[in-house]
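Here is a friendly walk through one protein model, starting from a core residue and moving on to charged pairs. Please keep the structure open as you read.

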Amino acid sequence: MTGSTDKGLFTARSLATASFCAVAALALAGCGGGRKEKQVKSAAMAPSMVTTIGVNSYLWRASLDSLSFMPLLQSDSAGGVLVTDWYTNPKNPGERVKVTVMILDKDLRADALRVTAQREVSAGGGWTAAPVQAATVQKLEDIILTRARDLRRDSIGG
């Protein structure tokens, strides 16, 4: 043991190692403390705000369900936009409609939904823009909102 001056039970190296281990153990013990609080917070969140996409999931699903008879041109769940392609009703082949649905919020509220529609009629071998009745757009909004409320009610067991 030449050149060694360490003679006690607690050498500087062993004391530093023990201190490091104690600090690391305390730091790791504190890592899991916030989990319960976060879980309680998410469990207490209103069911109308529960979503794994960028917008209210009930409005999104209800919009998809309500427009399922029309071909989709674009859908963006993160941005909350659905755009249908032109749809021609087989009972009225001289008219076609295109619908855009925008979901504007994560809450299930009437003002979180905006529906627009375009209508064209066949004229002289081509399609000409025609007005859409406001009641038609309002009715479609009501159908989507009613379906979203039903989906929410079914999911929370009420």
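Leaving aside residues up to four places away in sequence, Leu 59 has contacts (heavy atoms within 4.5 Å) with Ile 103, Asp 107, Leu 108, Arg 109, Ala 112, Ile 144, Leu 145 and Ala 148. This is a predicted model, in which local features need pLDDT of at least 70 and side-chain atom pairs pLDDT 80 or more, while totals for chains, interfaces and linings use all residues. Residues are numbered from 1 along each chain as its sequence is written, and side-chain values use heavy atoms, without hydrogens and water.

Leu 59 is also among the residues with the most contacts inside the largest nonpolar core, which has 21 residues. Such a core is a set of buried (under 20% relative accessible area) Ala, Val, Leu, Ile, Met, Phe, Trp, Tyr and Cys residues joined through side-chain atoms within 4.5 Å. Helix α4 gives the most to this core, with six residues.

Now to the charges. The structure holds eight salt bridges, each a side-chain nitrogen of Lys or Arg within 4 Å of a carboxyl oxygen of Asp or Glu.

Because Glu 95 lies in strand β4 and Arg 119 in strand β5, their pair ties together parts that are 24 residues apart in sequence. Asp 150 and Arg 153, by contrast, are three residues apart in helix α4, about one helical turn. Asp 107 and Arg 109 belong to a salt-bridge network that also includes Asp 105 and Asp 111.

Conventions. Buried < 20%, exposed > 50% of the residue type's maximum accessible area, 1.4 Å probe, protein only. Helix = DSSP H or I, 4+ residues; strand = E, 2+ residues; numbered from the N terminus.
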